[in-house]
Amino acid sequence: MYQRPKLLLFFIICLAHFSVSAQSLREKTLIKHMVYLSSDELKGRKTGTPENLKAREYIVSEFEKSGLNSQYPDYLQEFQFYNRREGKTLTGKNVVGFVAGTESKKIIVITAHYDHVGVGKKNAEGDSIYNGADDNASGTAALIEMADYFAKNPAKHSLMFAALDGEEMGLQGAKALVADFPFELEVIALNVNMDMISRNEKGELYVSGTHYHPQFKPALESAATDSDIQLMFGHDIPGTGADDWTKSSDHGAFFEKKVPHLYFGVEDHQDYHQVTDEFKNIDPEFYVKASRLILNCILALDEDLAKE
């Protein structure tokens, strides 16, 4: 179960590990976001719950602090969908921010889902909360920090930052976004999706999607040159069953609409969709380095796409 003093102590230790000097991402703030989003207070952030609302309000607040614009009132895109498991229609809300580009009229859409699966049966230790630290507080916290970075350092392309709801119920937020996109879909140069980026014992981060879009690979390889994280390619070969991640997360909704995508994530681990997917079990050092690597990849892709 959640023990605030122990978690707070672990949080302090993690922060002390990182340099206080200026970095491309605010590392301490990145960790702070993840601690809150994966806390017991938010009870797994299941779509339609009060705790999902708390997570959403937190993201909106951070977007406001960063001064992001949006094509949606109060950053919120509301949508409804029928949940067959619960036998009722649910309401979800995406949080969407926007930073105008300096050159290109095209848009890079950066996504991460903030929902998770909520509360289930208690395990042997009495824990029933599926905190979803890696899945996907990790991607959401990185999204928030990247939005802040690009608000201060605009890219050549316009950037849309979409914290998506309802992913765990069938990519519902992503489907709603592409169905009600505020521009023609043809204006999207690329979707970059982040889902589970905070731990891997081998120090590997996968980017899936270059099977379909090999033109992105040189920029990605260049961006990863000086990283301590090993950027791996794959998990995108048709006909390989569960090993093919092409439709495994929100980028799948973009793929269905023939929008180019790249998906950053780690391979499944023992805590995937378990109550043990908690902040204490992520690797803070790997997470910071992986987030920085993804940022560098976006910067390289922004430059590369601007040449077209």
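Reply: What follows is a set of questions and answers about the terms used for this structure. This is a predicted model, in which local features need pLDDT of at least 70 and side-chain atom pairs count only at pLDDT 80 or more, while totals for chains, interfaces and linings use all residues. Residues are numbered from 1 along each chain as its sequence is written, and side-chain values use heavy atoms, with hydrogens and water left out.

Me: What makes T89 exposed, buried or something in between?

Reply: Buried means under 20% relative accessible area, exposed over 50%, and partly exposed in between, with a 1.4 Å probe and protein chains only. T89 has a relative accessibility of 52%, so T89 counts as exposed. This residue belongs to strand β2, where a strand is a DSSP run of E with at least two residues, a helix is a run of H or I with at least four, and both are numbered from the N terminus.

Me: And why is T49 called partly exposed?

Reply: T49 has a relative accessible area of 23%, and therefore counts as partly exposed. T49 is found in the loop between α2 and α3 (50–66).

Me: What makes strand β7 largely enclosed?

Reply: In strand β7 (residues 188–194), 7 of the 7 residues are buried, so the rest of the structure largely encloses this strand. Helix α2 (residues 27–37) is also largely enclosed, because 8 of its 11 residues are buried; L30, I31 and M34 are among them.

Me: How do you know that β7 pairs with strand β3 (residues 107–113)?

Reply: Two strands pair if DSSP finds at least two bridges between them. Strand β3 and β7 run parallel and are joined by 5 bridges, with I108 having L190 as its bridge partner in β7. A further 4 bridges join β7 to strand β10 (residues 261–265), again in parallel, and there M194 has F264 as its partner.

Me: Why is the sheet called mixed?

Reply: Strands of a sheet pair through backbone hydrogen bonds, either parallel or antiparallel. The parallel sense joins β3 to β7, whereas strand β8 (residues 204–208) pairs with β10 in the antiparallel sense over 3 bridges. The 8 strands form an open sheet in the order β1-β2-β6-β3-β7-β10-β8-β9, and the pairing is mixed. Its edge strands are β1 (76–83) and β9 (230–233), each of which pairs on one side only.

Me: What makes a group of residues a nonpolar core, and which residues have the most contacts inside the largest one?

Reply: A nonpolar core is a set of buried Ala, Val, Leu, Ile, Met, Phe, Trp, Tyr and Cys residues joined through side-chain atoms within 4.5 Å. The largest has 65 residues, and those with the most contacts inside it are F63, F161, L205 and F264. Helix α8 (residues 284–306) supplies the largest share of this core, 11 residues. A second, separate core of 17 residues includes F98, M160, F181 and A253.

Me: How do you know that K217 lies over the face of F233?

Reply: A charge sits over a ring if NZ of Lys or CZ of Arg is within 6 Å of the ring centre and within 35 degrees of the ring normal. K217 lies over the face of F233, at 4.8 Å from the ring centre, so the distance meets the limit of 6 Å.
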